[in-house]
Amino acid sequence: MNNSFWHRAQNINPKILYVIAMVVIAVPLLNPRTTLPISPNSQTKKAFDAVESAVKANPNQLVILDCQWSASTRGENQFQTEAIMEHLMRLHAKFALMGFVPQSRILSQKIADRLAPKYGYRYGIDYINWGFKPAFEQTLKGMAVDIPGTLKEDATHKPLVSFPIMRDVKNFKDVSLIVEVTPSSTLDSWLGLVQGINHTPVVYAPTAVMAPEGYPFLDSGQISGIITGVAGAGDYEALLKTKGSATQVATSLSAVYALIIFLIIIGNVGYYASRAAERKGFAE
Amino acid sequence: MEYLRHLMLPSLLFAAAGTVAILSLVFKENRFYRFFEHVFIGLATGYGVALTWTDVLRPNWWDPMYGEGRWWWAFVVPLGMMFYGVYSTKFSWQSRLIFGVLFGLAAGTVFQILSSQYIPQIRSSFKPLLTNSQPDIAHGLIDMPHAINNWIFMAVLISVLTYFFFAFEQKSKIVQKTATSGRYLLMISLGAVFGATIMTREALLIDRVRFLLFDWLQLNRFMH
Amino acid sequence: MQHPINHNFFTAIPQHGAVYWLYVFATVAAGIGVLALLQIIPTRYRKATIALFTFLGGLYYVAEFFLPTEKGTSVNALTEYQPFVGTLSQVIGAFTVGLGVISLVGMHTRSVVRQRAQWGYSACLIVAFLVMTVFHLLDSYYGDHVIIGQGGILRAAITNHDVYNFLFKGGLNSLESAMFALIGFFIISASYRAFRIRSFEASLLMISALVVMLGQVTLGTWLTGGLPTDGPYANFRFENMAQYILLNINTPAQRAVAFGIALGTLATSLRLWLSLERGFYFDQES
Amino acid sequence: MQHASDNWATAIFVAIVSLIIVLKVVMAQRGIVPTIRRIAGLNAIDEAVGRATEMGRPVLMVPGIWPISIPTLQAMNIFGHIAKSVATYGNHTIMPVCDASVVGIGEEVLRDAYTSAGRPELFSSDDVRFLSDQQFAFASGVAGIIEREKPAASFLMGAFFAESLILAETGQRAGAIQVAATPQTTQLPFFIAACDYVLLGDEFYAASAYLSRNPTLLGSIVGQDYAKVVFIIAIVIGTVCATVLGAQGIDVKHMGDLHSPWRTFIDFFVK
């Protein structure tokens, strides 16, 4: 009886699971045509709409895309940054990249370099990279009063005032939207020091483990939407109606999730069925 | 040829071989893994030791002592020597002495940490139980009165705290029941943590698979 | 460290002459002398001595916290020494690095010397350790120094920094990411094995994990996508259920656990600080 | 809150809670020894160590990945008791550590525990193994030790982070009986998924008292219980105040310069 199908279903060798997992991950990556039905989460939809409406309401104002991530969380944050940047470029929004971890300057610039030619974006005119700034909270406090005065130079150490894009930017009143891509607890400072004072809309793009930190603020309206991890990035691309790497990775991810859920179900059904069989007395 | 050259780029090859070796552990511990495990530990420890010099000792001790001539910083050397008393029965008590100072330092910050990290959490647990007017705690459920959520919040908080009574529990049936439900609620909470962590972990695995398939093997060259 | 007179005994000696080294060696020698004097303390008083020093170690932070601040400022008389105490404890702690190296390298050297089974791996470990230590240090001092010049198959010269980069990015960094990624596999087998309806507790764990998982991916959104986004039925969309569990159950439950742990930490700290801790090592007569 | 004078009420609250704990410790030392409830995982220790000895396999103890800190020292205290049991059975311990400073303490704890079991000769300097102070290098080393030396009992106690599941899954695969405890709540679900017994939250700090039945430690546990009661009372009173204020349409989080007797208690606690 111990060789019954149900008994085996609850004792699958983990090595087999790992092989299946690898296949499940690799196939969507290798074959971009594999798709699962993408049905964007309502939190992502809110984020997408917030970006759309903020840019359309104030087309001449600046969007700040704050990238707080480094290589260790690029598996999630890179795709969020990419999807949002693509959206901004498509809307012809002017935007500024910035970050408070040293690596982010290079990582976010790489994405901008890849996307810019497609939309004819020119550095210094359509977008700018403010680079890495130390002392997160002090910088935010300073920016609330005077952005060019606090930041002084861009990532290439040229004075900010020399760029056309910065001509009309003084403080957060000239900023239409803040997008925070982050793997750590940085949201509080943005809300306390910036959003709370100027009511600039904030879109939050955290790694999946950090997402719950944003829920209370989504509810109270302090943030306008949450893009949760790489799945959120995939949703975002679906809303953009493009299929980039985020969609691929999100498909891989959904496939792994489906696998895990399937395994949990099969394990439980097996467990239940073999227990039922034993109870009926034809176990041995 | 160009492709072969790419595959054999030393840094990339090292990274790719290491990645495959480490990931192979899920199937079975093998020589390939063992080799990279030892290399990994060697590299990491070497990195840590060098970092102790470049990031701690050089800027905070050597530069002031040697660079700026503050000779009295040399008093740290005998203090540091005390740790090595562990290796002798005669001097081992001196290692306990210096470790004791470190224990004291670790323990001494507790009042400040308690006041600045945990007491504010007591305050933010004060939630109105009757009114609907304050969106004090976000709800997630639409059209559900905040007051009910606040009741739930309180109930969960207190019953889980009750589970962690160690000396009182045996004494009262009510306490026992509350504690049991506290344990159940804790399980719901821990399940949620598990579920919320999966995406971050899988995203990392997918990132490594992408590294092997695209950055190293460049399979995207062959697919269209 | 301020003193009314500019030149006093503790004035820095910037020149590295004989006087400087004399002072340095004298300081070390005096310190060693103090250590030797400590040995005079009779065994029965040693425990009390350790307790005294443990208490003094903790006293600074406790006093700094409880001492009232000067009016209108956020500092008291002790606050200005905080960086010094922090640096000092960091520097002293850094001296333990040798304990680690002796343990790791000692064990693997013994294994190589005695040619124990698998000693080859130990040799690899020692080589990797030495190479990394040397090139990390060389990189921080002479990063641009060329080791192998351009020519032959080399398109560019190799500097210390290049070797360090090879070890750090090619080796350490990617091995680290790979090890981290292993969890992606293990989490699959763990959830398959653990999430069974074996008991009420296990079922709760499973159900809430499933709901939160489904709330995060498109699969879950798709399953309940037919429900409206507003109104009471929206509550049954997976993303909203997940959010509800995380906020209204997870937050207070975690907070209760945090309170318990905070009190446990407080009690343990108090016992250590006041030498009330009991257990092997902690209350041994020395 | 940086200093007590930022909010004296909070500082006094903290001081009172501390005094309660110390008082209960002193009372217990004077002979008022309490009893505490069962903690499931801890009863399994002897059985696990005994089984490991029968199978001729070592016992693994991992004191977390933090340097000298309260969780690490607490783990060491618990490991002292386990090590005594290991020595009584004549088995041996492997203790991989992730910080150089912990090496010295680990060696002394094992030596003391073995000596008190009357088997000081069982100690070997290869027992406490420093692997690396880098999180994942350490994890790879422990995974290697588990796979090669196949410990039959594994105790993971102290501060753990993402590596928790790597250690617990490899241990599970090696067939070890595993007991885990950590103050990092985010890692508890992974331990629950892969270990046989898990001490939840605070149980970690109660473990040394439970194992040793030492009056001082038991007194401390009772003190912590009383402190929890104080916390609960504070939360209840604060909630009543918040409810009254809420009924007046005032949000506790944004009270500004409001004058109301009902806010007095709330203001005892620093924001």
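Colleague: Which residues have the most contacts inside the largest nonpolar core?

Modeller: In this predicted model, the largest nonpolar core has 310 residues, and those with the most contacts inside it are Trp130(A), Ile122(B), Met179(C) and Phe155(D).

Colleague: And what does Met179(C) touch, not counting residues up to four places away in sequence?

Modeller: With those set aside, Met179(C) touches Ile22(B), Tyr33(B) and Phe40(B) from chain B, and also Phe136(D), Ala139(D), Ser140(D), Ala143(D) and Ile166(D) from chain D. There is also a second, separate core of 35 residues, which includes Ala50(A), Ala54(A), Cys67(A) and Phe95(A).

Colleague: Switching to helices, at what angle do α6 and α8 of chain A pack?

Modeller: Helix α6 (residues 136-145) and helix α8 (residues 187-198) of chain A pack at an angle of about 20 degrees, with their axes 9 Å apart. Because of that angle, α6(A) is roughly parallel to α8(A), and α6(A) passes α8(A) in a right-handed crossing.

Colleague: Which residues make the contact?

Modeller: On the α6(A) side they are Phe136(A), Glu137(A), Leu140(A), Lys141(A) and Ala144(A), while α8(A) contributes Ser189(A), Trp190(A), Leu193(A) and Val194(A). By type, the residues of this contact divide into six nonpolar, one polar and two charged.

Colleague: One last thing, is Gly191(B) buried or exposed?

Modeller: Gly191(B), which lies in helix α8 (residues 173-216) of chain B, counts as buried because its relative accessibility is 0%, and buried means under 20%.

Colleague: What is Gly191(B) in contact with, leaving aside its neighbours within four places in sequence?

Modeller: Apart from those neighbours, Gly191(B) is in contact with Leu205(C), Ser208(C) and Ala209(C).

Conventions. Residues numbered from 1 in each chain as written. Chains lettered and ligands numbered in written order. Predicted model: local features only at pLDDT ≥ 70, side-chain atom pairs only at ≥ 80, totals over all residues. Heavy atoms only, no water. Core = buried A, V, L, I, M, F, W, Y, C linked by side-chain atoms within 4.5 Å. Buried < 20%, exposed > 50% of the residue type's maximum accessible area, 1.4 Å probe, protein only. Contact = heavy atoms within 4.5 Å. Axes fitted to C-alpha atoms, helices over the stretch in contact; angles between N-to-C directions. Helix = DSSP H or I, 4+ residues; strand = E, 2+ residues; numbered from the N terminus. Parallel < 35°, antiparallel > 145°, perpendicular 65-115°, else oblique. Left-handed = near helix turned anticlockwise from the far one by under 90°. Nonpolar A, V, L, I, M, F, W, Y, C, P; charged D, E, K, R; others polar.
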